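Dear colleague,

Here is the model that I promised to pass on, and my notes on it follow below. Please read them with the coordinates open beside you.

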Amino acid sequence: MTKIISLFILEAVFCFTFFTVSYSDINLIQTNCKKTPFYDLCVLTLKSDPRSSTADVPGLARIVADSVNAKAIATLNQISALLKSVKDPTLEKALEGCIVSYNTIIQADIPVAIDAIEKNNPKFAVQSATDAGNEAQACENSFAEKASNSPIFSGNKAVHDLSVVLQSIASLLL
């Protein structure tokens with residue numbers, strides 16, 4: 001009987017500790033995501049990454065930066081595939097401009113943001129996140145300028161909105 005009670009107490013302590021840590025992680029995510037203009041996207045992005053369970057605020061910023069990068073790569077791949085079959089020269093020109101924008105996001109903006117987060121230099125992380133969002137928006141705007149419908153609207157929106165989330169979280173580190 002004593003062993004059963006001891007086992008029950010040990011299990012209760014374990015469960016209490018587990019739920020407290022989980023609650024704290026969710027609380028950190030929610031608290032920081034409330035300071036962004038895209039709360040739901042922020043929470044969904046962070047909760048979907050297992051690293052968030054042990055992350056501090058710089059760690060959350062890194063997770064979002066990785067998400068921006070992944071979405072930018074997926075959008076760039078979509079653009080490349082569209083360019084292989086496009087027949088409309090106006091659409092082709094807009095897509096070629098987007099290639100430049102997305103290469104800038106992937107090769108410059110997000111790596112600089114990640115490096116700045118890791119080196120505790122949030123000012124550069126904020127600026128690079130802002131630049132990434134502006135590049136995605138410039139890509140989207142190029143379709144309106146050419147009077148074309150954007151075939152990559154959802155990718156541009158996701159990269160832009162995630163960049164704004166990254167900018168907001170990085171700003172908390174200033």
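The chain holds six helices and zero strands, where helices (H or I, at least four residues) and strands (E, at least two) are DSSP runs numbered from the N terminus, and its elements run α-α-α-α-α-α from that end on. This is a predicted model, in which local features need pLDDT of at least 70 and side-chain atom pairs count only at pLDDT 80 or more, while totals for chains, interfaces and linings use all residues. Residues are numbered from 1 along each chain as its sequence is written, and side-chain values use heavy atoms, with hydrogens and water left out.

Of the 174 residues in the chain, 39% are buried, where buried means under 20% relative accessible area, exposed over 50% and partly exposed in between, with a 1.4 Å probe and protein chains only. The chain exposes about 9,800 Å², of which carbon and sulfur atoms supply 61%; accessible areas come from the Shrake-Rupley method with a 1.4 Å probe, and for residues only the protein chains shown count as cover. Among contacts (heavy atoms within 4.5 Å) with a separation of 6 or more, 66% are between residues 24 or more positions apart.

Leaving aside neighbours within four places in sequence, Ile-169 is in contact with Thr-36, Cys-42, Leu-46, Val-57, Ala-61 and Val-64.

Helix α5 (residues 122-145) has 24 residues and reaches 34 Å from its first C-alpha to its last, close to the 34 Å expected at 1.5 Å a residue, the expected span being 1.5 Å times one less than the number of residues. Its buried residues, among them Ala-125, Ala-129, Ala-132, Ala-136, Glu-140 and Phe-143, pack against α4 and α6 (153-171). In the loop between α5 and α6 lies Ser-150, whose side chain makes a polar contact of 2.9 Å with that of Glu-140; a polar contact is a pair of N or O atoms within 3.5 Å, where within protein one must be able to donate a hydrogen and the other to accept it, and residues adjacent in sequence count only if both atoms are side-chain atoms. The side chain of Ser-150 also reaches the backbone nitrogen of Phe-153 at 3.1 Å.

A search of the whole structure finds six salt bridges, each a side-chain nitrogen of Lys or Arg within 4 Å of a carboxyl oxygen of Asp or Glu. In one of them, Glu-118 and Arg-62 have their closest N and O atoms 2.2 Å apart, and this pair links distant parts of the chain, with Glu-118 in helix α4 (residues 89-118) and Arg-62 in helix α3 (residues 57-85), 56 residues apart. Glu-118 is exposed at 54% relative accessible area, whereas Arg-62 is partly exposed at 26%. Arg-51 and Asp-49 meet at 2.9 Å, N to O, in another salt bridge, with Arg-51 partly exposed at 38% and Asp-49 buried at 15%. Asp-49, Arg-51, Arg-62, Asp-66 and Glu-118 are linked in a network of salt bridges.
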